[in-house]
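Please read the following report alongside the sequence and the coordinates.

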Amino acid sequence: MWDERFAGEDYMFGKEPAQALTRHKGHLHKAGTTLAVADGEGRNSIYLAKQGFAVHAMDSSIVGIEKAQKLALDHEVAPTFELADIYDYDWHKQSYDNVVAIFIQFAPPEKWDSLFAGLKSALRPGGCLFLHGYTPKQVDYGTGGPSNPAHLYTTAMLGDAFADMDILVNEAYEAVLDEGPGHSGQSALIDFIAIKK
């Protein structure tokens, strides 16, 4: 599915980073080793690499990775890229200072427990988890993301899922996005940042 969605010259979510990432990057361990989860066409991993982070990006789409590699060349940065299935990923193979997971809400709710456990296990103690996505109100706007509200985050759900971490930000809000044709218009968003104990 994602190979088809990423086909063509245009970047589905644009070439600029997620607005939330630029706003909250100060919470990340500066220049730390950073895992960009399901990074698609690379807009966020390239941005982080330009900021001095040592970035490893993974995605299940070879088309997305190829476009990310081209974008990295254009920006003269060199994050590493890995073709990998988010549901069958070895989260334990390296401990990261930061794990960044932006708009990964294609994952169905029955996968959340194992996926969230994986994100946590990929962090070293003291490492920072950054999640950004949509709240259920996004279904009313229809400007991006899943059409099934069960796939979307609430502050209560994320607070419960990561209760064993030090939560720094857990905020639902609305904003206008202009992040390519995939995320465009009034949107119901959520930012979540926490530190592994």
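Asp59 touches Phe6, Ala38, Asp39, Gly40, Ile65, Glu82, Leu83 and Ala84, leaving aside residues up to four places away in sequence, where a contact means heavy atoms within 4.5 Å. The model is a predicted one, in which local features need pLDDT of at least 70 and side-chain atom pairs count only at pLDDT 80 or more, whereas totals for chains, interfaces and linings use all residues. Residues are numbered from 1 along each chain as its sequence is written, and side-chain values use heavy atoms, with hydrogens and water left out.

Asp59 belongs to strand S2, residues 54-59; helices (H or I, at least four residues) and strands (E, at least two) are DSSP runs, numbered from the N terminus. With a relative accessible area of 6%, Asp59 is buried, a term that stands for under 20% relative accessible area, against over 50% for exposed and partly exposed in between, with a 1.4 Å probe and protein chains only. A polar atom of the Asp59 side chain lies 2.7 Å from the backbone nitrogen of Gly40.

Helix H5, residues 112-121, is mostly covered, seven of its 10 residues being buried. These are Trp112, Leu115, Phe116, Gly118, Leu119, Lys120 and Ser121, and what covers them includes strand S1 (33-37), strand S4 (96-102), strand S5 (123-134) and helix H7 (155-161).

Rings of Phe, Tyr and Trp (its six-membered ring) pair if their centres lie within 6.5 Å, and planes under 30 degrees apart count as stacked, over 60 as edge-to-face and the rest as tilted.

| Ring pair | Centre to centre | Angle between planes | Class |
|---|---|---|---|
| Tyr89 and Trp91 | 4.8 Å | 70° | edge-to-face |
| Phe162 and Phe192 | 5.2 Å | 35° | tilted |

Tyr89 and Trp91 are both buried, and Phe162 and Phe192 are buried as well. Phe162 lies in the loop between H7 and strand S6 (166-179), while Phe192 lies in strand S7 (residues 183-195), so their pair ties together parts that are 30 residues apart in sequence. Ring pairs also join Phe162 and Phe192 with Trp112, Phe116 and Tyr153 in a cluster.

Two lysines sit over tyrosine rings, an arrangement counted if NZ of Lys or CZ of Arg is within 6 Å of the ring centre and within 35 degrees of the ring normal. The charged end of Lys67 is 4.7 Å from the ring centre of Tyr11, and Lys111 lies over the face of Tyr87 at 5.0 Å from the ring centre.

How values were computed. A polar contact is a pair of N or O atoms within 3.5 Å; within protein, one must be able to donate a hydrogen and the other to accept it, and residues adjacent in sequence count only if both atoms are side-chain atoms.
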